[in-house]
Every structure is written in C-alpha cells, then in structure tokens.
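Trainee: I would like to go through this chain with you. Shall we begin with the backbone and then turn to the helices?

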Amino acid sequence: MRVEILNFLKKTGSYVSGEELAQKLGLTRQAFWKHIQDLRGLGYEISAVPHLGYRLIKIPDRLYPWELAYRLNTKFVAKKTLYYKNVASTMDIAWELAKKGFPEGTLVCAESQRRGRGRLGRVWLSPYLKGLYFSIILRPKISPFKIGLISLLSSIGIVEGIKRDFDLPLSIKWPNDILAKERKLAGILMELDAEQDRINFVIVGIGLNVNTSKKEIPPEATSLYLLLNKRIDRVKVFKNILEEIERTYLSFQEEGENFIISNWRRLSYLYGGRVKVILPNREIVEGRVLDIDQDGALLLRKDEGIVERILSGDVEKIV
C-alpha cells in the first residue's frame with residue numbers, strides 16, 4: 001500500500017489531503033500515517049502541512065524495486081526484482097534463483113557487494129550507494145557456441161542506455177568492457193548453465209561506476225561522476241540501461257547476429273586497430289582487428305596474413 005501512496009504523491013507533485021487519499025485507498029487515518037512514517041524511514045522526504053496535506057519533497061538515492069518499476073518500459077526485464085543493501089555477489093544469488101526456475105528477466109541488484117567479481121577471477125570494487133551492481137537471468141534459445149553475443153548485446157545496451165541522457169564518448173572493448181576516454185566505466189561477467197546443444201540459462205552480471213570517486217576505483221577506471229563532474233540519478237540511468245538491454249536482446253532475436261555485428265562495429269574501441277592479445281594459455285598474439293564473426297569471436301589478421309579467431313583473452317590496443 002505504501003507504494004500506491006508513493007506513486008500517487010509522485011503523480012500529483014503537490015500537496016494532497018491525507019484524509020482524502022486515505023479514503024481513496026480504503027485506509028484509516030492511523031494506517032495512512034503509519035505508511036507515511038514507513039516511507040520516511042526508507043529515506044523519502046515527505047512534507048506534512050496542516051490544511052494542505054502531504055507532499056513528496058525528495059526521493060532517496062536507493063535502487064528500491066518499486067522505484068525501478070515506476071514507469072519502466074520493459075516487457076520482461078526487471079518484472080521480478082530482488083533488492084539487497086549488501087551481498088557477497090549478485091551473481092551468486094541470481095545463479096541460485098535461475099536453478100530454481102525463476103523467469104527470464106529476473107533482476108538481482110545490490111547497493112554494494114563484498115566480493116564483486118569480473119572475468120578471470122578479478123575483483124570488481126562495489127562501494128555502497130555509488131554504482132550499479134546487478135545480474136539478470138536470461139534464457140536465450142541459441143547455441144552455447146554463440147554465448148559471446150550475449151555479452152556484446154549487453155554492452156550495446158549499456159552504451160545506448162547511458163547515451164540517452166549523456167553525450168559521452170563511450171566505446172565497447174571486446175569482450176566485456178565499456179570504456180570512456182579509454183578508461184573502464186563498466187564491466188560484464190557471464191556465467192552459464194548449458195548442455196552440449198542448448199543453454200539452460202545465462203547470468204549476465206554488470207558493474208557500472210556511477211557516483212564513484214577517484215579514490216574508490218582503480219587508476220585505470222572512471223565513473224559517470226568523474227566524467228560529468230556532477231552526481232548522477234542512479235535509478236534513471238539504471239532504468240534506461242534495463243530498457244536498452246531488453247531492446248537489444250529482442251532485436252537480436254528478431255534480426256539475428258548481424259544486428260550485433262553492425263552495432264559492435266559502430267561502437268567498438270578495437271575495430272580496425274592493432275592489438276595485442278594474451279590468450280588463456282598465456283600465449284601472446286598480435287595483429288589488426290578485422291571484425292567479429294557470427295559467434296561473437298574476435299577476428300585478428302596477424303602480420304603474416306593469417307586470420308586468427310580469438311574466443312577469449314585480454315586485449316590491449318597498440319595503434
């Protein structure tokens with residue numbers, strides 16, 4: 001009921017008679033007052049003036065599920081959301097939920113993580129109330145060999161979501177990073193449960209530095225706050241990203257791999273550039289990036305003219 005009260009105050013934008021609103025919602029004045037107190041306890045600033053009523057003054061900087069759901073334009077992403085103040089990792093929770101059969105689009109988000117992680121066992125720093133740390137359950141009907149495309153479409157969604165409100169020079173660094181001015185702004189981690197010919201589910205984990213200060217992130221990273229020199233509305237950015245991830249996911253299902261490839265070319269940090277790749281076996285390969293293929297693998301032309309297909313590795317741009 002408190003969400004209904006909150007949404008009514010948002011829509012009105014001015015003072016509302018508490019007695020009238022209580023009657024409209026079928027509440028006693030005492031029950032209505034308790035809900036107002038509960039909202040204040042959650043960080044909402046609500047003014048109460050005799051003969052005028054109640055007015056919502058300020059919304060707290062929290063990723064509450066009802067805040068994400070308010071006017072969120074998605075078909076399935078974040079229709080089920082689990083919210084935590086602090087967890088070890090949203091990936092772990094989302095994995096257990098997926099194993100239990102939670103639906104595609106289920107979202108797990110947290111205000112901080114104690115053991116946030118990236119690729120290859122790296123740590124993702126997740127300071128409290130500063131970034132977006134979340135995982136989404138997806139159940140794509142594609143071959144496990146094409147799983148790299150899910151990371152790429154998620155990258156596209158993140159970039160487009162941020163660009164809705166901010167004119168920033170963002171690019172995608174294969175396979176899973178979002179860069180701004182050649183510094184890491186966001187990262188993606190994927191974990192999947194699959195059989196030989198089908199994917200049961202994939203967990204897409206995303207960390208985005210939003211209002212993070214320089215001392216709270218590694219020297220090679222950046223944040224929206226540092227780029228724009230102002231505090232950012234995390235909920236608004238979050239909703240934009242969720243909508244764009246769903247849009248790219250559905251477009252991929254309708255249009256196929258070429259949708260991902262064309263958008264990757266448009267946004268890629270590496271496309272056409274010379275790179276050095278450290279492969280999982282620690283072998284180093286150098287060459288020029290030609291493209292990605294239908295499975296999302298990186299196509300690299302080595303100096304001797306041979307085209308090598310890179311499935312995973314750490315990439316460093318040389319020229």
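**Backbone and packing**

Mentor: Ala 78 is buried, with a relative accessible area of 9%; buried means under 20% relative accessible area, exposed over 50% and partly exposed in between, with a 1.4 Å probe and protein chains only. This is a predicted model, where local features need pLDDT of at least 70, side-chain atom pairs count only at pLDDT 80 or more, and totals for chains, interfaces and linings use all residues. Residues are numbered from 1 along each chain as its sequence is written, and side-chain values use heavy atoms, with hydrogens and water left out.

Trainee: What is the phi of Ala 78, and in which loop does Ala 78 lie?

Mentor: Most residues other than glycine have a negative phi. Ala 78 has a positive value. Its loop runs between α4 (65-69) and β3 (81-87); helices (H or I, at least four residues) and strands (E, at least two) are DSSP runs, numbered from the N terminus. The phi of Ala 78 is near 65°.

Trainee: Is Arg 282 buried or exposed?

Mentor: Arg 282 is found in the loop between β10 (274-278) and β11. Its phi is positive too, near 75°. The relative accessible area of Arg 282 is 61%, so the residue is exposed.

Trainee: Which peptide bond is cis?

Mentor: Look in the loop between β6 and β7 (177-180), where Pro 175 lies. Omega is near 5°. The cis bond runs from Trp 174 to Pro 175.

Trainee: How do the axes of α8 and α9 cross: roughly parallel, roughly perpendicular or oblique?

Mentor: The axes of α8 (residues 234-255) and α9 (residues 257-267) come within 6 Å and cross at roughly 125°. Axes are lines fitted to C-alpha atoms, for helices over the stretch in contact, and angles run from 0 to 180 degrees between N-to-C directions. Angles under 35 degrees count as roughly parallel, over 145 as roughly antiparallel, 65 to 115 as roughly perpendicular and the rest as oblique. That makes α8 oblique to α9.

Trainee: Which residues of α9 make the contact with α8?

Mentor: Contact means heavy atoms within 4.5 Å. On α8, the contact involves Arg 247, Thr 248, Ser 251, Phe 252 and Glu 255. On α9, the residues are Glu 257, Phe 259 and Ile 260.

Trainee: Which elements do the buried residues of α9 pack against?

Mentor: The buried residues of α9 include Ile 261, Asn 263, Trp 264 and Leu 267. The partners of the buried set are α6 (148-163), β6 (170-173), α8, β11 (284-292) and β12 (298-301).
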